Amino acid sequence: MQVLIDARRPSHPNPTVAEQRENWNAYAARLSRPHPDTLEVTERVVPGKGVEVPVRIYRPKAAQGLTGCMIYMHGGGFMLGDLDSSDSVAWGFAAETGATVISVDYRLTPENRWPAGFDDCCSVLEWAAAAGPEIGIDPDRLTIGGDSAGGRYAACMSLKARDANGPKIRAQVIIYGNGGPIENAGSMLDFGTGFGLTAARTSDFARKLFPEGAPKDDPVAFPIFAADLSRLPPTLVHVAEFDPIRDAGRAYAARLVQAGVDVTFREARGMIHGFMRARFTGAQAAKEYKVICDFLAEHMR
C-alpha cells in the first residue's frame, strides 16, 4: 500500500477546492494506465434533471450482440474526481468482465449539494435501461457500483430503484464505501490518520454534501438507517482493513444480511482506502480487484 501513500503529494494546510481537485487528479494520474486496444471507448452526454451528464462508455471490441452493463460511479468524497481520474478503474471492469461499463461524471460538491450528483447517477441508470439495445447493452443485465463516494451513491441508487419502481438492478458493488456513517466507529479512531484517507477528511466531505445537516431520516440518502433493506440486489461489500470508514461498510453489510439480501462481504487484509489503484504494481491489490470483476461477471451473465 506504500505505492498509494507515495503517489500523494503534500499540500499547504488550507488548499482551495480547485487545488484539492488538481492534487487528486495528479495523484490518480501517477497510478493510472491507458486503456488497452481491446476496448472501444466513447464519450457522450446523457439527459439529466435540468443538466446534461457526461459519461464515458467502455465496450470490448470483441463483444458480439448485447452485453451486460455496469454503471460505475467514481470515488473522491463527492467533491473530487472525473472521468479521467477514474479511467483505469472503469476500463478495468470492462476488460475483465467482457461487459460494457458506463462511467458517470456526476456533479460535485461543494458547488452542488445533495442530491445533485446522486440525481445524475440515477439519470444515467434510467437512460441505460431505456436505451438498452441502442447502445449495445442488455437492460436485463444491469449492475451498478462504485468506490468510496461512488459506492455510497450505488447503495442509495439501489434503494431508490426498488422503491420508485426503477430499473431492475442485477447486482451492486460497494467498494470501500457504505450506506452512510455510523456512530462510535472504532476504525475512525484506529485508522483516522496515517492511512491515506483521514477521519477529518471524511467529516469535511460529509459537511459539503449536506451543508444544512445530514438528513438521516431520508432512507435514500442514508440507507444504513432505512427501516427496510429487503429486496435489494445481490451485493458485494468490499472494505479495506486499514480504512477509517471500514466499520461503516461492515455495518451496512450486516444490515443487508439481516434484511435477507444475498451479500458477499470481503475485507481486503493489509489494504488501505483506494487499493484498486494499486493493482498495476501490487499482486494483492490485483487479487482484490479480480474479486470485484468476478462478482460482476457472474451477475451479468
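Analyst: Cys293 has a relative accessibility of 2%, so it counts as buried, the cut-off for buried being under 20%. This is a predicted model. A search of the whole structure finds zero disulfides. Cys121 is in no disulfide, and its nearest cysteine sulfur, that of Cys122, is 6.9 Å away. A disulfide needs the two sulfur atoms within 2.5 Å. Cys121 is buried, at 0% relative accessibility. Cys293 is likewise in no disulfide; the nearest cysteine sulfur belongs to Cys69 and is 15 Å away.

Now the rings. The whole structure holds 16 aromatic pairs. Take Trp114 and Phe210: their ring centres are 5.8 Å apart and their planes meet at 50°, so this pair is tilted. Trp114 sits in the loop between strand S4 (100–104) and helix H4 (116–131). Phe210 sits in the loop between helix H7 (199–209) and strand S7 (235–242). The pair therefore ties together parts that are 96 residues apart in sequence. Trp114 is buried at 15% relative accessibility, and Phe210 is buried at 11%.

Phe191 and Phe195 make another pair. Their centres lie 5.3 Å apart with planes at 85°, so the pair is edge-to-face. Phe191 is buried, at 10% relative accessibility. Phe195 is partly exposed, with a relative accessible area of 25%.

Trp114 and Phe210 also belong to one aromatic cluster. Phe222 has a charge over it: the charged end of Arg152 sits over the ring, 4.7 Å from its centre. Elsewhere, Arg279 lies over the face of Tyr289, 4.1 Å from the ring centre.

Last, helix H8, residues 246–258. H8 has 13 residues and reaches 19 Å from its first C-alpha to its last. That is close to the 18 Å expected at 1.5 Å a residue. Which residues of H8 are buried? They are Arg246, Asp247, Ala248, Gly249, Tyr252, Ala253 and Leu256. What covers the buried residues of H8? The cover includes helix H5 (149–163), strand S6 (171–175) and helix H6 (186–190). S7 and strand S8 (263–272) are also part of that cover. Just after H8, Gly260 takes a positive phi of about 90°.

Conventions. Residues numbered from 1 in each chain as written. Predicted model: local features only at pLDDT ≥ 70, side-chain atom pairs only at ≥ 80, totals over all residues. Heavy atoms only, no water. Phe/Tyr/Trp six-rings, centres within 6.5 Å; stacked < 30°, edge-to-face > 60°. Helix = DSSP H or I, 4+ residues; strand = E, 2+ residues; numbered from the N terminus. Buried < 20%, exposed > 50% of the residue type's maximum accessible area, 1.4 Å probe, protein only. Lys NZ or Arg CZ within 6 Å of the ring centre and 35° of its normal. Expected span 1.5 Å × (residues − 1). Contact = heavy atoms within 4.5 Å.
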